[in-house]
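Subject: Structure handover

Hi,

As promised, I am passing the structure on to you. Please have a look at it first, and then read on for what turned up.

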Amino acid sequence: MAIRKSNKLPQVVLLKQILKKCSILGKKHGYGNEDHLPIDVPKGHFTVYVGENRTRYIVPISLLSHPEFQCLLRCSEEEFGFDHNMGITIPCEEFIFQSLTSMLMR
C-alpha cells in the first residue's frame with residue numbers, strides 16, 4: 001500500500017505564511033516601527049477584522065497554536081483569501097469570536 005502525500009501544507013508552514021502576510025500588509029501601509037506593524041500592536045500580537053462591521057481586534061500570536069483558531073483562519077482563507085489589502089478578516093460574528101478568544105486565552 002503506497003503512502004499518499006497530502007497536498008495541504010503543514011500547519012506550521014501555513015501559520016508562518018499568515019504571519020508573513022500580516023508583516024507584508026504593514027509594509028504596504030507604511031507603518032513606522034521596525035516590525036512594520038501599526039504602533040498600537042504590541043510585539044507578539046497581530047490584528048484581525050471580525051464581523052459584518054469588520055471590527056479590529058489585536059490578538060496574541062499564541063492563539064495560532066489552537067486548533068479552534070486555526071479553523072477560523074482556514075474559513076477566512078476560503079472565504080476571503082489572504083491576498084488582499086484588508087488584513088485578515090475572520091468570517092464569524094463578533095460575540096462568537098470574543099467568546100472563543102476569551103476561552104482560548106485562559
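At what angle do α2 and α3 pack, and how far apart are their axes? The angle is about 145°, and the axes lie 10 Å apart. Axes here are lines fitted to C-alpha atoms, for helices over the stretch in contact, and angles run from 0 to 180 degrees between N-to-C directions. Helices (H or I, at least four residues) and strands (E, at least two) are DSSP runs, numbered from the N terminus.

Two notes on conventions before the rest. This is a predicted model, in which local features need pLDDT of at least 70 and side-chain atom pairs count only at pLDDT 80 or more, while totals for chains, interfaces and linings use all residues. Residues are numbered from 1 along each chain as its sequence is written, and side-chain values use heavy atoms, with hydrogens and water left out.

From α2, the residues E68, F69 and L72 make the contact, and from α3 they are F97, L100, T101 and L104. Contact means heavy atoms within 4.5 Å. By type, the residues of this contact divide into 5 nonpolar, 1 polar and 1 charged.

The strands form an open sheet of 3, in the order β2-β1-β3 with mixed pairing. Two strands pair if DSSP finds at least two bridges between them. At the edges are β2 (55-60) and β3 (88-90), each pairing on one side only. From one strand to the next, the twist averages 40°.

β1 and β2 pair in the antiparallel sense over 6 bridges, with V48 opposite Y57 in β2. These two strands form a hairpin with 4 residues between them, and G51 in the turn has a positive phi of about 85°.

α2 lies across β1, β2 and β3 and runs at about 105° to β3. α3 packs on the sheet too, touching β1, β2 and β3, and its direction makes about 10° with that of β2.

T47 counts as buried at 16% relative accessibility; buried means under 20% relative accessible area, exposed over 50%, and partly exposed in between (1.4 Å probe, protein chains only). Not counting residues up to four places away in sequence, T47 touches V41, R56, Y57, I58 and I88.

**The aromatic residues**

There are 3 aromatic pairs in the structure. Rings of Phe, Tyr and Trp (its six-membered ring) pair if their centres lie within 6.5 Å; planes under 30 degrees apart count as stacked, over 60 as edge-to-face and the rest as tilted. F46 and F69 are edge-to-face, at 6.3 Å centre to centre with 75° between the planes. F46 lies in β1 (residues 45-50) and F69 in α2 (residues 67-80), so this pair ties together parts that are 23 residues apart in sequence.

F69 also pairs with F97: the ring centres are 6.4 Å apart and the planes at 55°, so this pair is tilted. Because F69 is in α2 and F97 in α3 (residues 94-104), the parts tied together are 28 residues apart in sequence. The relative accessible area is 0% for F69 and 1% for F97, and both are buried. F46, Y57, F69 and F97 form one aromatic cluster.

**S76 and the cysteines**

S76 has its place in α2 and is buried, with a relative accessible area of 1%. The C-alpha atoms of S76 and T89 are separated by 6.1 Å, though the two residues are 13 apart along the chain. Beyond its neighbours within four places in sequence, S76 is in contact with G81, F82, I88, T89, I90 and P91.

How many disulfides does the structure hold? The count is 0, where a disulfide is a pair of cysteine sulfur atoms within 2.5 Å. The sulfur of C71 has its closest cysteine sulfur in C75, 4.4 Å away, too far for a bond. C71 is partly exposed at 37% relative accessible area, and C75 is partly exposed at 34%.

Enjoy exploring!

Methods. Ala, Val, Leu, Ile, Met, Phe, Trp, Tyr, Cys and Pro count as nonpolar, Asp, Glu, Lys and Arg as charged, and the others, Gly among them, as polar.
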